[in-house]
Amino acid sequence: MTESPRVSYIWIFSEDDGALASTLRAYLDALERVPRPWELIVVDDGVGPRGTADLVEILRGSHRPTSLLHLHRGAGDAAALSAAFQHVRGEAAVVLPGYRQVDEAEFERITEMLFKGELDY
């Protein structure tokens, strides 16, 4: 039986900058070091199924709880967040930047700080 996620990570992107697959792999690799059960919700805000075919294969191969949501082109951040939050199963949700702005090595530390109440939110 799979544990329910304690943390739902959300990653929203709206364009294919050529780095989607490498960003997803980096995020999944970093999340593997998080010691709490987690899920990843990926939201495509307009790239479309052709642009996300590689992501589908990466998600299938991760053997982790994941969701890939496709929105109509350019629905916007508010619609993407709303769609993602409707799928959250964790006790907490963390929104990951569309581009790799956060050092993935920090995911584990940030998650632990969140559950210890050491983060401002």
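This is a predicted model: local features need pLDDT of at least 70, side-chain atom pairs count only at pLDDT 80 or more; totals for chains, interfaces and linings use all residues.
Ile10 has Ile41 of strand β2 as its bridge partner. Strands β1 (residues 7–13) and β2 are joined in parallel by seven bridges. They belong to an open sheet of four strands, with parallel pairing and the order β3-β2-β1-β4. At its edges stand β3 (66–70) and β4 (92–96); each has a single partner strand, so one side of each lacks a neighbour in the sheet. On average, neighbouring strands are turned by 20° against each other, direction ignored. Helix α3 (residues 77–85) lies across β1, β2, β3 and β4 and runs at about 150° to β1.

Beyond four places in sequence, Glu39 touches Pro5, Val7, Ser8, Tyr9, Pro65, His87, Val88, Arg89 and Gly90.

Turning to the nonpolar cores, the largest has 24 residues, and Tyr9, Trp11, Leu24, Trp38, Leu40 and Leu96 have the most contacts inside it. At least two residues of this core come from each of β1, α1 (20–31), β2, α2 (49–62), β4 and α4 (107–116). The most is given by α1, with seven residues. Trp38, leaving aside neighbours within four places in sequence, is in contact with Pro5, Arg6, Val7, Tyr9, Leu28, Leu31, Glu32, Arg64 and Pro65. Another core, of eight residues, lies apart from the largest one and includes Ile10, Ile41, Val43 and Ala84.

How values were computed. Residues are numbered from 1 along each chain as its sequence is written. Side-chain values use heavy atoms; hydrogens and water are left out. Contact means heavy atoms within 4.5 Å. Two strands pair if DSSP finds at least two bridges between them. Axes are lines fitted to C-alpha atoms, for helices over the stretch in contact, and angles run from 0 to 180 degrees between N-to-C directions. A nonpolar core is a set of buried Ala, Val, Leu, Ile, Met, Phe, Trp, Tyr and Cys residues joined through side-chain atoms within 4.5 Å. Buried means under 20% relative accessible area, exposed over 50%, partly exposed in between (1.4 Å probe, protein chains only).
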